Amino acid sequence: MSKECQGAESMIIKAYAEALEVIPYTLAENAGMNPIAVVTELRNRHAKGEKMAGISAKKGLVSDITKDNILQPALVTQSAITLATEVVRMILKIDDLVMSLR
């Protein structure tokens, strides 16, 4: 998506996507897997169109999470991402306010 946008908007989308990579990285690390290899494999599989590729901590590999019956309610993920985004926005607003007072 960042490739479709231009300028600052593209940079913001890219930074947001990079920040979200901490989720599979941390999950892989906590499962005793090589987090760099896992994130790389996830990127490659998603780029190939395998949208349901995910981490199977039980198997210790990247697989089709629907076939492994690994499901999570979308509302949980959506709420967590929304809350984290709102927190970052508030921090940035506070930072802008402090910088304008200097």
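A salt bridge is a side-chain nitrogen of Lys or Arg within 4 Å of a carboxyl oxygen of Asp or Glu. By this rule, the structure holds four salt bridges. The model is predicted, so local features need pLDDT of at least 70, side-chain atom pairs count only at pLDDT 80 or more, and totals for chains, interfaces and linings use all residues. Residues are numbered from 1 along each chain as its sequence is written, and side-chain values use heavy atoms, with hydrogens and water left out.

**View 1. Arg45 joins a network of salt bridges with Glu41 and Glu50.** Glu41 pairs with Arg45, and their closest N and O atoms are 3.6 Å apart. Both residues sit in helix H3 (residues 35-47), four residues apart, so about one helical turn separates them. Helices (H or I, at least four residues) and strands (E, at least two) are DSSP runs, numbered from the N terminus. Glu50 also pairs with Arg45, with 3.2 Å between the closest N and O atoms. Glu41 is partly exposed, at 34% relative accessible area. Glu50 is partly exposed, at 34%. Here buried means under 20% relative accessible area, exposed over 50%, and partly exposed in between (1.4 Å probe, protein chains only).

**View 2. Asp68 forms a salt bridge with Lys59.** The closest N and O atoms are 2.8 Å apart. Lys59 is exposed, at 51% relative accessible area. Asp68 is partly exposed, at 22%.

**View 3. Strands E1 and E2 form a hairpin.** E1 covers residues 53-56 and runs antiparallel to E2, with four bridges joining them. Two strands pair if DSSP finds at least two bridges between them. Ala53 has Asp64 as its bridge partner in E2. Four residues lie between the strands, and Gly60 in the turn has a positive phi of about 75 degrees.

**View 4. Ser63 lies in strand E2 (residues 61-64).** Ser63 counts as buried because its relative accessibility is 10%. Leaving out residues up to four places away in sequence, Ser63 touches Arg45, Met52, Ala53, Gly54, Ser56 and Asp68. A contact means heavy atoms within 4.5 Å.

**View 5. Tyr16, Leu20, Val22 and Ile23 form a nonpolar patch on the surface.** Together they have about 340 Å² of accessible area, from the Shrake-Rupley method with a 1.4 Å probe; for residues, only the protein chains shown count as cover. Patches are made of residues with over 30% relative accessible area and no salt bridge: like charges are joined within 9 Å, nonpolar side chains (Val, Leu, Ile, Met, Phe, Trp, Tyr) within 5 Å. Helices H1 (7-20) and H2 (22-30) each supply at least two patch residues. Ile23, in H2, is exposed at 51%.
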